[in-house]
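Reader: I am new to this one. Could you walk me through it and tell me what stands behind the words you use?

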Amino acid sequence: MASTITAPGLTTGKAPFVEEARSRGELYITQAYEQYSEANHEAWRKLFARIQPRWERYANDHFLRGVAALDLPHDRVPRLADINARLQPLTGFQAKPVSGYVPGFLFFDCLRRREFPTTITIRPADRMDYLPEPDIFHDIAGHVPMHTEKRFAETLVRFGDCAVTAARITAEVKDPAERVRRLTSIMRAMSRFFWFTVEFGLMRGKQGTVAYGSGLLSSYGELEHAIESDEVQRYPIQLEWVINQVAEIDHYQPILFVVDSFEHLFGLVDEFERWMIEGKLYNVAPGLPDVAESDLKSFLDAAAML
Ligand SMILES: [Fe+2]
C-alpha cells in the first residue's frame with residue numbers, strides 16, 4: 001500500500017484516479033482514501049483551522065451540532081465511510097463519492113434517495129479562497145453537517161421530488177420546442193431557489209442572522225461578508241423574488257435571503273412544487289444561471305422514461 005508521502009494526490013484538477021474514472025464514463029466512484037497526499041491533508045487542516053472560529057460566530061446552531069455529531073476531523077481529510085456511519089442513523093443521508101459534475105436531474109434524484117453526490121478532490125493549498133468548482137471541503141465541511149438536521153434533510157428530499165415533478169409535467173407537452181422552453185424556465189427557477197437557500201441561505205437566529213447555506217459555510221471570506229458587510233442586501237425570503245433573481249457565481253453575493261426556520265424552508269419547497277404544477281414557472285426572468293445542455297438533457301431523458 002502506498003504511504004501518504006508517495007501518494008499521487010487527489011488535488012482539484014490534478015487527480016489521475018478521478019480523471020481516469022471520468023474518461024471511462026464512471027460517475028459514481030470510491031473515495032480511494034490512500035491516494036490523498038500529505039499536501040491534501042495539510043490543505044484540509046488549514047481550511048478547517050481557519051474557518052472554525054467563524055462557524056462559531058456565524059453558523060446556525062444545527063450546523064454546529066452537525067459538525068460535532070459527525071465528529072468531523074480537523075487534522076486530515078475525512079473518510080466518507082466514517083461520516084456516513086454517523087450520518088445515516090440520524091437522517092438516512094449518506095455522502096456518495098462522484099468523479100465530477102452530476103447532471104441536474106441525476107443530482108436531484110440522488111437527493112430524493114438521500115444520497116449526496118460528493119466531490120473527493122481537495123483544492124490546492126495555494127488556492128484556499130476561490131475555487132469555481134466544489135471540492136471535498138465544500139461538500140463535506142459545508143453541506144454534510146446540515147444533513148444531520150431532520151427537517152433540512154427532508155427539504156433536500158423534496159427538492160428531489162420537484163425534479164421528478166418537473167420531468168413529469170413537461171413530458172406531457174406535445175411540441176418538443178415548447179417542452180424545452182418550459183423545462184428550461186422551471187430548471188432556472190429551481191436552480192435559483194436551490195442557490196439562494198441550500199447554497200447561500202441565511203436564517204433568523206436568536207442573536208441575529210446566521211448562515212445555513214453551504215457556499216457560505218465553506219467560505220472563510222464570504223461567511224463573514226454575508227453576515228457583516230454593508231454591501232449585502234438581506235431580505236426575508238419570498239419565493240416569487242428568489243425564482244426571478246439573477247444569480248451570479250463568480251463573486252460574493254450582493255443579495256441574500258433569510259428564512260425563519262427549516263420548517264419555513266420546507267414549506268417553501270411545497271409551494272414551489274405547487275406553482276410548478278399550476279404552470280406558474282414557465283416564464284421566469286431570463287438571465288443567470290444558464291441552463292447547461294447536459295442538465296437539460298438529463299431532465300428530458302428522465303421525462304422520456306416516465
Ligand atoms: Fe454546494
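**Reading the model**

Author: Gladly! Helix α10 (residues 220-228) lies across β3, β4 and β6, at about 155 degrees to β4. Helices (H or I, at least four residues) and strands (E, at least two) are DSSP runs, numbered from the N terminus. Angles run from 0 to 180 degrees between N-to-C directions, with axes as lines fitted to C-alpha atoms, for helices over the stretch in contact. This is a predicted model, where local features need pLDDT of at least 70 and side-chain atom pairs count only at pLDDT 80 or more, while totals for chains, interfaces and linings use all residues. Residues are numbered from 1 along each chain as its sequence is written.

Reader: What makes β4 and β5 stand at the edges?

Author: The open sheet has 4 strands in the order β4-β3-β6-β5, with mixed pairing. Two strands pair if DSSP finds at least two bridges between them. β4 (208-211) and β5 (233-236) each have a single partner strand, so one side of each is left without a neighbour in the sheet.

Reader: How do you know that β3 and β6 are joined?

Author: Strand β3 (residues 202-205) and strand β6 (residues 255-259) run parallel and share 2 bridges, and the pairing rule asks for at least two. In β6, Val259 is the bridge partner of Met203.

Reader: How does the chain's radius of gyration stand against that of a compact globule?

Author: The rule for a globule is 2.2 Å times the number of residues to the power 0.38, and the radius is taken over C-alpha atoms. For 306 residues that gives a value near 19 Å; the chain has 19 Å, so the two agree.

Reader: What makes a set of residues a nonpolar core?

Author: The set consists of buried Ala, Val, Leu, Ile, Met, Phe, Trp, Tyr and Cys residues joined through C-beta atoms within 7 Å. A residue is buried if 20 or more other C-beta atoms lie within 10 Å of its own, with C-beta atoms placed from the backbone. Buried residues make up 42% of the 306 in the chain. The largest nonpolar core has 82 residues, and Cys162 and Phe299 are among those with the most contacts inside it. Helix α8 (residues 176-199) gives the most to this core, with 10 residues.

Reader: Which residues is Cys162 in contact with, leaving aside its neighbours within four places in sequence?

Author: Contact asks for C-beta atoms, placed from the backbone, within 7 Å. By that rule, Cys162 is in contact with Met190, Val269, Phe272, Glu273 and Met276.

Note on methods
Buried ≥ 20, exposed ≤ 12 C-beta atoms within 10 Å, placed from the backbone. Contact = placed C-beta atoms within 7 Å.
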